[in-house]
Amino acid sequence: MKVIAVSNLKGGVGKTITATSMSYLLGVEKNKKVLVVDADQQANSTRTFGRFDPEGTGIMQLLEGENQITNLIQDTPYENIHILPSNMYLVRTNAHLMFSKDNQIDHLKEALEEIRRNYDYVICDCGLILDMTVLNVMMAADLLIIPVKAGGYGIEGAENLQEQIQEIRPDLDTKILMTMKAGNKINRDTEEWMKRNYGNRMFQTAIRRSVVVEKAETAFMPLPEFSKRSNPVKDYKEVIEEIIKK
C-alpha cells in the first residue's frame with residue numbers, strides 16, 4: 001500500500017482535482033483498490049465522490065479517537081474507490097488535537113496500518129494549513145505531491161511546505177507537479193526553470209490548462225469521468241504511469 005499526500009500551502013493550484021483525478025484513474029481504469037482520505041475541512045474531495053454530509057462522521061472521529069477507521073470508511077459510486085470523508089467539524093478536531101498533551105500526529109498512520117492489506121493506494125487531499133490533520137497525513141505518507149500552478153505564486157507555497165516538512169519528515173519523498181500549463185512562452189520558461197531547479201524531484205509530465213477542469217469542479221464530478229479525452233486527463237494518466245513505474 002502506497003500513501004500519497006497532495007498538498008500545497010497556496011490555494012488555486014489544482015490540489016483537489018489532482019487528488020480526485022489520480023484516485024479515479026487508479027481505481028476505475030487501473031483496477032487498483034483506492035482509499036481517498038479527505039484531510040481538508042472544505043471537503044471538496046468528499047463532495048466530488050458523492051459522500052458529503054455536513055453532520056456526518058469521518059476523519060474527525062478517527063483523529064479524536066472516537067471510532068475505528070473501518071467503521072468510518074464509506075463506499076463511493078465508483079468501482080474500487082472508498083473514502084474517509086470530511087466536513088467542517090474538522091476545524092473543531094484540529095483545535096482539540098492542538099491543545100492535547102499526548103502525541104496526536106500518528107493517529108492516521110496507525111489506523112492505516114490496520115487496513116494496509118485492503119488497499120493498493122491511499123490518496124490524501126490536504127488542506128491549505130499545516131494543521132494537526134495535515135501533520136497526521138505527512139507522518140503517514142510515502143510520497144508528497146505538491147501541485148504548482150504554472151506562472152503563479154504556488155512555487156512559494158511549495159518551497160515553504162518543503163521547508164516545514166523537512167523538519168518533521170526529512171525522509172519523505174517529494175515531487176513537484178506543474179499544473180494549469182498554457183502554451184505561452186512564460187509558461188514554457190517557467191517549466192524549464194522548474195525542471196532545472198528541481199530535477200528528478202519534479203514530474204516530467206505537466207498538467208495542461210483547460211476549461212473542463214472548472215466545469216468538472218462545478219459539477220462535483222471526477223475530471224476523468226466528466227471529460228475522458230480532455231488534455232488534463234491525458235496528462236494525469238501520464239502522471240499515474242510515472243508513479244507506477246517508480
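**Charged pairs and paired strands**

Tutor: Let us begin with Lys 30, which is partly exposed, with a relative accessible area of 34%. Please keep in mind that the model is predicted.

Student: With which residue does Lys 30 form a salt bridge?

Tutor: In this salt bridge of Lys 30, the closest N and O atoms are 2.5 Å apart. Lys 30 lies in the loop between H1 and E2 and its partner in helix H12 (residues 231-245), so the pair ties together parts that are 211 residues apart in sequence.

Student: Is Asp 40 buried or exposed?

Tutor: Asp 40 and Lys 15 meet through their side chains in a salt bridge (3.5 Å, N to O). Buried means under 20% relative accessible area. Because the relative accessible area of Asp 40 is 6%, this residue is buried.

Student: Which residues are linked with Lys 15 in a network of salt bridges?

Tutor: Lys 15 itself counts as buried, at 8% relative accessibility. The network of salt bridges links Lys 15 with Asp 40 and Asp 125.

Student: What is the bridge partner of Val 34 in E4?

Tutor: Strand E2 (residues 34-39) and strand E4 (residues 81-84) run parallel and are joined by four bridges. Strand E3 (residues 74-75) also pairs with E4, in the antiparallel sense. For Val 34, the bridge partner in E4 is Ile 81.

Conventions:
Residues are numbered from 1 along each chain as its sequence is written. This is a predicted model: local features need pLDDT of at least 70, side-chain atom pairs count only at pLDDT 80 or more; totals for chains, interfaces and linings use all residues. Side-chain values use heavy atoms; hydrogens and water are left out. Two strands pair if DSSP finds at least two bridges between them. Helices (H or I, at least four residues) and strands (E, at least two) are DSSP runs, numbered from the N terminus. A salt bridge is a side-chain nitrogen of Lys or Arg within 4 Å of a carboxyl oxygen of Asp or Glu. Buried means under 20% relative accessible area, exposed over 50%, partly exposed in between (1.4 Å probe, protein chains only).
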